[in-house]
Amino acid sequence: MKPILIDLPETIETERLVLRPCMPGDGKDVYESIQRSKDAFKPWMVFANKEQSLEEVEAGVRESYAKYILREDLRLHIYLKETNEFIGSTGLHSIDWKVRVFEIGYWCDSAHTGNGYITESTKALIKLAKETLQANRIEIRVDSTNIKSRAIPEKLGFSLDGLLKNETLSADTQELRDICLYSLT
């Protein structure tokens, strides 16, 4: 089956969250969240180290939406179920449909960190990947110095497959960094 023909749920609900595909018009919420969280994101997220206009963020959201429809990348936005407030982004990336390997990525608005929302949304993505997409492997790649982000796969039973030495550059200082490669099979 061609990936574009795979039906995905319109929303994924957890106890406290609603995850849904990024949509045209979400740029304002994403832009405001990035602005609030920029200092916290700078060591880890390339996008936090470059000034982006609201228009550029909206364009990025729309490009992600197009990739979602084509099933090339599955970016989802995270909302609090009770208030419908945007609190972050997650998704299944670096997809290999032949092998059925998916990489989970995530970020949370700094006003909402420490509440378990990313753990909760990651559990939901694991379920989607395994049950709907028949994943054979799910990966999470994390900068070895990002202790909070590393806690997510460790809490959820992922195996640390290895430390990829000098795999990337830090988002802020462009220094060589190691990446922890976690997997769930």
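Helix 1 has a kink of about 45°, centred on Gln 35. The bend at a residue is the angle between axes fitted to the seven residues ending there and the seven starting there.

Some ground rules. This is a predicted model, where local features need pLDDT of at least 70, side-chain atom pairs count only at pLDDT 80 or more, and totals for chains, interfaces and linings use all residues. Residues are numbered from 1 along each chain as its sequence is written, and side-chain values use heavy atoms, with hydrogens and water left out.

Back to helix 1, residues 27–41. What span would a straight helix of 15 residues have? It would be 21 Å at 1.5 Å a residue. Helix 1 spans only 18 Å between its end C-alpha atoms. The expected span is 1.5 Å times one less than the number of residues.

Next, burial. Buried means under 20% relative accessible area, exposed means over 50%, and partly exposed lies in between, with a 1.4 Å probe and protein chains only. The buried residues of helix 1 are Gly 27, Val 30, Ser 33, Ile 34, Ser 37, Lys 38 and Phe 41. Keep the helical repeat in mind. An α-helix has 3.6 residues a turn, so residues three or four places apart point the same way.

What covers those buried residues of helix 1? The cover includes helix 2 (54–70), strand 3 (74–80), strand 4 (86–96) and strand 5 (101–108). Glu 32 also sits in helix 1. Glu 32 counts as partly exposed because its relative accessibility is 31%.

Now helix 3, for contrast. Its 16 residues should span 22 Å at 1.5 Å a residue, and its end C-alpha atoms are 22 Å apart, so the two agree. Its buried residues include Tyr 117, Ile 118, Thr 119, Glu 120, Leu 125 and Leu 128.

After helix 3 comes Gln 134. Gln 134 lies in the loop between helix 3 (117–132) and strand 6 (137–143). Its phi is near 50°, a positive value in a residue other than glycine. Most residues other than glycine have a negative phi. Gln 134 is partly exposed because its relative accessible area is 43%.

Asn 166 also has a positive phi, near 50°, and is not a glycine. Asn 166 is in strand 7, residues 159–169. At 48% relative accessibility, Asn 166 counts as partly exposed.

On to cavities. On a 1 Å grid over the protein atoms alone, a cavity is a set of points where a 1.4 Å probe fits but cannot get out; lining residues have an atom within 4 Å of a point. Grid points are joined across faces, edges and corners, and a volume is the space filled by probe spheres set on the points.

How many cavities of 30 Å³ or more are there? The count is one. The largest cavity has a volume of about 60 Å³. Among its lining residues are Leu 8, Pro 9, Glu 10, Arg 20, Tyr 68, Leu 74 and Leu 128. Which strand gives the largest share of that lining? Strand 2, with three residues. Strand 2 (17–21) and strand 3 each supply at least two. By class, the lining has nine nonpolar, one polar and two charged residues. The classes: Ala, Val, Leu, Ile, Met, Phe, Trp, Tyr, Cys and Pro are nonpolar, Asp, Glu, Lys and Arg are charged, and the others, Gly among them, are polar.

Contact means heavy atoms within 4.5 Å.

Phe 102 is in strand 5. Phe 102 counts as buried because its relative accessibility is 0%. Leaving aside neighbours within four places in sequence, Phe 102 contacts residues including Leu 92, Trp 97, Leu 133 and Ile 138.

Pro 153 is in helix 4, residues 147–155. Pro 153 is also at 0% relative accessibility, so it counts as buried. Beyond neighbours within four places in sequence, Pro 153 is in contact with Tyr 106, Ile 140, Phe 158 and Tyr 182.

Last, Glu 55, in helix 2. Buried or exposed? Exposed, because its relative accessibility is 68%. The C-alpha atoms of Glu 55 and Ile 6 are separated by 31 Å.

Definitions and conventions: Helices (H or I, at least four residues) and strands (E, at least two) are DSSP runs, numbered from the N terminus. On a 1 Å grid over the protein atoms alone, a cavity is a set of points where a 1.4 Å probe fits but cannot get out, and a pocket is an open set with protein on both sides within 12 Å along at least five of seven lines; lining residues have an atom within 4 Å of a point.
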